[in-house]
Amino acid sequence: MTQTVIVGAGIGGLCAALGLARAGRRVTVFEQAPELGEVGAGISLAPNAMKGLRHIGLESNVETLADEPLEQYTRHYQTAEPLVTIDRHNTRDQLGAGYLQMHRADLHDLLVAALREVQADAIKLGYRLSGVDSADDGATLHFDNGEQHTADVVIGADGLRSIVRETVFAARGGDYAGVVAWRGLVPTEALGDVALLDGSNVFVGPQRIFVRYPVRRGAIQNFVAFTREPDWAAEGWTQKGSRSALRSHFEDFHPEVLATIDALGDAACFRWGLFERKPLDRWVKGSVALLGDAAHPMLPWFGQGAATAIEDGVVLARSLVEAPTIHDGLLWYERARRERVTEIHRESSLGGERLLNAYKTLLKAEPVRTEDTLGMTLYDPGTVALA
Ligand code: FAD
């Protein structure tokens with residue numbers, strides 16, 4: 001039987017694993033962490049991501065846990081005047097699935113549980129990959145714990161600092177984009193009688209952005225705030241940030257923004273440097289393929305990083321199952337994905353500048369480039385043509 005190994009139990013790796021396992025393939029997912037879990041943050045699942053989750057049988061589980069904003073607002077940072085409004089009442093009819101927002105850990109838990117239900121021993125924890133020797137007909141993986149494993153096909157889903165990309169594709173990690181994201185979760189009850197604006201909200205001001213939307217059915221407010229900073233010197237890609245430092249960046253923003261930051265209390269918020277890397281020319285080499293952030297770390301301005309990782313996982317699993325050989329399957333995958341992701345990546349890079357300047361130009365007077373108007377969200381990874 002084909003030995004399929006996936007490195008990384010993040011959202012992309014788990015989608016690929018679940019797609020393969022549901023089709024009757026045995027998979028092994030090696031994850032460096034000793035325990036499974038996801039960072040405390042929200043995630044937006046655009047209709048293209050939801051169609052991918054539908055294909056692997058998780059759409060209704062996600063809908064049970066997630067929030068569905070029927071309006072998304074881009075607002076002036078001080079007055080909260082809507083600069084752009086995306087009306088999502090007809091999104092399901094127009095785009096074939098809903099636009100949902102949820103806690104990342106809830107999505108991760110669903111993926112893990114679904115995979116274990118199909119194959120209980122699929123995930124191996126505490127395996128940090130240190131290198132891969134690859135050949136056309138297979139590969140040997142080396143782990144920090146001294147073990148080696150062979151595989152017929154290896155999927156590198158090991159994120160931004162991918163060892164698979166570095167050792168097989170000789171390409172290093174992403175470049176720091178000069179922007180830091182501060183992320184936190186605030187219990188809604190900690191906001192007391194602050195009247196929060198409806199829907200999902202993005203406040204744009206000079207060189208700063210503050211995003212807030214509810215998760216866990218309104219029990220928690222997820223926020224992510226973006227500030228410009230020339231350097232990112234942290235060892236990992238996250239570090240703790242202080243509430244007072246965050247507040248000082250947003251002192252001139254709308255009262256709702258300050259109330260959200262204040263409601264953090266002593267709870268930590270996290271700071272992440274944003275990194276991007278031009279998508280590689282090849283995502284497949286011999287019997288090794290890359291997916292998600294390992295292949296194409298992009299900026300988050302269209303919220304498509306995890307969505308494209310989900311799409312990759314679904315299309316890669318379909319390709320490996322439907323193609324006559326492993327080699328064909330990997331090439332089908334690369335052909336089906338590279339052009340689309342390169343375009344989303346390009347738009348995501350440009351989107352930040354547009355957003356950071358939106359408060360001056362009053363976007364409502366211009367044709368607005370959103371993930372919908374650019375056609376990103378119509379895509380269905382479960383039905384897109386292969387080969
Ligand atoms: P990851 O989620 O990084 O998973 C990689 C996995 O590999 C991890 O479990 C890691 O522990 C493991 N691993 C790494 N190295 C090794 C190793 N050597 N050996 C074994 N295991 C290893 N995307 C959206 O679609 N919607 C959003 O709303 C959204 N918001 C975002 C907001 C911000 C501020 C940022 C920075 C990103 C956002 N994204 C969003 C993007 C999204 O978070 C990523 O693109 C997505 O998590 C990539 O998934 P992945 O599975 O490729 O990688």
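Predicted model: local features only at pLDDT ≥ 70, side-chain atom pairs only at ≥ 80, totals over all residues.
Strands here are DSSP runs of E at least two residues long, and helices are runs of H or I of at least four, numbered from the N terminus.

- Met298 is buried, at a relative accessible area of 9%.
- Setting aside residues up to four places away in sequence, Met298 touches Phe275, Glu276, Gln304, Gly305, Thr308, Val341, Ile344, His345 and Ser348.
- Take Ser348 from that set: Met298 and Ser348 sit 50 residues apart in sequence, yet their C-alpha atoms are 6.8 Å apart in space.
- Gly351 belongs to helix α10 (residues 326-356), and Gly351 is buried too, with a relative accessible area of 6%.
- Once neighbours within four places in sequence are left aside, Gly351 has contacts with Trp301 and Phe302.

**Helix α2 against helix α9**

- Helix α2 (residues 47-55) and helix α9 (residues 305-322) have axes that come within 8 Å and cross at roughly 35°.
- The crossing of α2 past α9 is left-handed.
- On the α2 side the contact uses Asn48, Ala49, Gly52, Leu53 and His55, while α9 brings Ala307, Ile310, Glu311, Val314 and Arg318.
- By type, the residues in this α2 and α9 contact come out as 5 nonpolar, 3 polar and 2 charged.

**Aromatic pairs**

- Searching the whole structure turns up 10 aromatic pairs.
- One of them joins Tyr127 and Phe143, edge-to-face, with 5.3 Å centre to centre and 90° between the planes.
- Tyr127 is in the loop between β7 (123-125) and β8 (129-135), and Phe143 is in strand β9 (residues 138-143), so to speak across a gap of 16 residues.
- Both Tyr127 and Phe143 are buried.
- Phe210 and Phe250 make another pair: the ring centres are 5.7 Å apart and the planes meet at 70°, so this one is edge-to-face.
- Phe210 comes from strand β14 (residues 208-215) and Phe250 from the loop between α7 (243-249) and α8 (255-262), so the pair ties together parts 40 residues apart in sequence.
- Phe210 and Phe250 are both buried.
- Ring pairs also link Phe210 and Phe250 into a cluster with Tyr77, Phe223 and Phe253.

**Charges over rings**

- Arg183 lies over the face of Trp272, 4.9 Å from the ring centre.
- Arg340 puts its charged end over the ring of Tyr379, 3.8 Å from the centre.

- Helix α8 is mostly covered, with 6 of its 8 residues buried.
- Those buried residues are Glu256, Val257, Leu258, Ala259, Thr260 and Ile261.
- They pack against β12 (175-187), β13 (200-205), β14, β15 (220-228) and α7.

- Thr227 is in strand β15 and is buried, with a relative accessible area of 1%.
- Beyond its neighbours within four places in sequence, Thr227 is in contact with Gly178, Val179, Val180, Trp182, Gln207, Arg208, His249 and Phe250.
- Thr227 and Thr383 are 156 residues apart in sequence, and their C-alpha atoms are 39 Å apart in space.
- Gln207, one of the contacts of Thr227, sits in the loop between β13 and β14.
- Phi of Gln207 is near 60°, a positive value in a residue other than glycine, and Gln207 is partly exposed at a relative accessible area of 35%.
- Ala80 also has a positive phi, near 65°, and is likewise a residue other than glycine.
- Ala80 is in the loop between β4 (71-76) and β5 (82-87), and Ala80 is buried, with a relative accessible area of 7%.

Key. Residues numbered from 1 in each chain as written. Heavy atoms only, no water. Axes fitted to C-alpha atoms, helices over the stretch in contact; angles between N-to-C directions. Left-handed = near helix turned anticlockwise from the far one by under 90°. Contact = heavy atoms within 4.5 Å. Nonpolar A, V, L, I, M, F, W, Y, C, P; charged D, E, K, R; others polar. Phe/Tyr/Trp six-rings, centres within 6.5 Å; stacked < 30°, edge-to-face > 60°. Buried < 20%, exposed > 50% of the residue type's maximum accessible area, 1.4 Å probe, protein only. Lys NZ or Arg CZ within 6 Å of the ring centre and 35° of its normal.
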